[in-house]
Amino acid sequence: MEVLLGITGKDFTLIAASKAAMRGATVLKASDDKTRHLNKHTLMAFSGEAGDTVQFAEYIQANAQLYSMRNETDLSPSALANFVRGELASSLRSRKPYNVNLLLGGVDPITHKPSLYWLDYLASLASLPYAAHGYAQYYCLSILDKHHHPDITLHQGIKILNMCTDELKRRLPIDFKGMTVKAVTKDGIIDIEFDDDKVVKSA
Amino acid sequence: MSSPFSINGGACVAMVGKDCVAIACDLRLGLQALTVSNNFPKVFQYGEHVFLGLTGLATDVATVSDLFRYKVNMYRLREERAIAPRTFANLVSSSLYERRFGPYFVSPVVAGLDPKTGEPFICGFDSIGCIDFAKDFIVSGTASDQLFGMCESLWEPNLPAEDLFETISQALLNAVDRDALSGWGAHVYIIEKDKVTKRLLKGRQD
């Protein structure tokens, strides 16, 4: 019941992840951050099996930062997406594969083009205008199909994100404790204030 | 249903014409019944006249297409010439058989023209590299049954390039409309001696 959402717009990529850290039917933490900054203009959100997620995400984060230090230049979001895919693909055919689903959002440091990459635990990679993982796909993709345009502003993006989280609150049987929301722009990664306390009446 | 070959869905077809060949694929990427992307091409170019279509598990489509980009680049540097489609087909076959007991879940299709004679060449493979040479057409993917039916009824020998485009496009478009796991538009390549044409077909978006 973990929620990952990603939306691209005119000059930004929005990434949102649910705050609940769950173990079986128990909520262990209500302020979990399921995202890692890979470099100044690339952000990764992750969900999946408990130990695997953070381990894999921080392994990728460390390698991205090592590359930046060695070469005094950052990898582009597309380069990082393909690197992550390679690591996940070789893990898939190992003795104990990582069970991690990812969204990778970024803004190209040179062209300023926003991008969003969807990766599942099988290492299927897709570049998309908007994406979701887990049960959220079934509730949110139809909303995004209807309301998303490639040239929306950040303000409009957050509005659509609110429509998605409202629907999730309405339909998901377990409370996911709100969302951590971050936006990648050409100036870097910024935290977005998001109202988690809004009560949505069930249909 | 949960076979690795039919999790993501997709279809691919190649045809021989008069001094030309054609290869086409759909654009869907799905997770069972859910469509994740409608822009996931499955045909890749490895030389002026060498093309490879890959259907099956999406992760292996990406892994195998990247692997052959590397292998073909290494071949070109070592031999100082471009790879011929027949040579490429044997490279695909032996590379897949290397993974005999843990295969890539893909059904490849090769299409091209011989660089010396200009003779059309198409062939298909199973996931462990057994080559299926054909003089007419090759199909693969979740819509392969439907593609066999369309190709058997539409294809005829010695079609010129324009007619071959019409034939392969109608065959693919009408086949994927009868398959829930394929569709969402198509890429069609027509390969002639001194011209390669790539066309993007919209297709039904439902």
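Which residues in α3(A) meet which residues in α4(A)? From α3(A) they are A:Ala136, A:Tyr139, A:Cys140, A:Ile143, A:Leu144 and A:His147, and their partners in α4(A) are A:Ile160, A:Met163, A:Cys164, A:Glu167, A:Leu168 and A:Arg171. The model is predicted.

**Helix pair in chain A**
- The contact of α3(A) with α4(A) is made up of nine nonpolar residues, one polar and two charged.
- Helix α4 of chain A spans residues 154-171, and its axis lies 9 Å from that of α3(A).
- The two helices pack at an angle of about 145°, and the crossing is right-handed.

**Largest pocket**
- The volume of the largest pocket is about 600 Å³.
- Its lining has 20 residues, with A:Asn82, A:Leu125, B:Phe40, B:Phe44 and B:Ala62 nearest the centre.
- Two or more lining residues come from each of α2 (77-92) and β9 (125-127) in chain A, and from β5 (43-47) and α1 (58-79) in chain B.
- α1(B) gives the largest share of this lining, six residues.
- By class, the lining of the largest pocket holds ten nonpolar, seven polar and three charged residues.

**Second largest pocket**
- Ten nonpolar, eight polar and three charged residues form the lining of the second largest pocket.

How values were computed
Residues are numbered from 1 along each chain as its sequence is written. Chains are lettered from A and ligands numbered from 1 in the order in which they are written. This is a predicted model: local features need pLDDT of at least 70, side-chain atom pairs count only at pLDDT 80 or more; totals for chains, interfaces and linings use all residues. Side-chain values use heavy atoms; hydrogens and water are left out. On a 1 Å grid over the protein atoms alone, a cavity is a set of points where a 1.4 Å probe fits but cannot get out, and a pocket is an open set with protein on both sides within 12 Å along at least five of seven lines; lining residues have an atom within 4 Å of a point. Grid points are joined across faces, edges and corners, and a volume is the space filled by probe spheres set on the points. Helices (H or I, at least four residues) and strands (E, at least two) are DSSP runs, numbered from the N terminus. Ala, Val, Leu, Ile, Met, Phe, Trp, Tyr, Cys and Pro count as nonpolar, Asp, Glu, Lys and Arg as charged, and the others, Gly among them, as polar. Axes are lines fitted to C-alpha atoms, for helices over the stretch in contact, and angles run from 0 to 180 degrees between N-to-C directions. A crossing is left-handed if the near helix is turned anticlockwise from the far one by less than a right angle, and right-handed if clockwise. Contact means heavy atoms within 4.5 Å.
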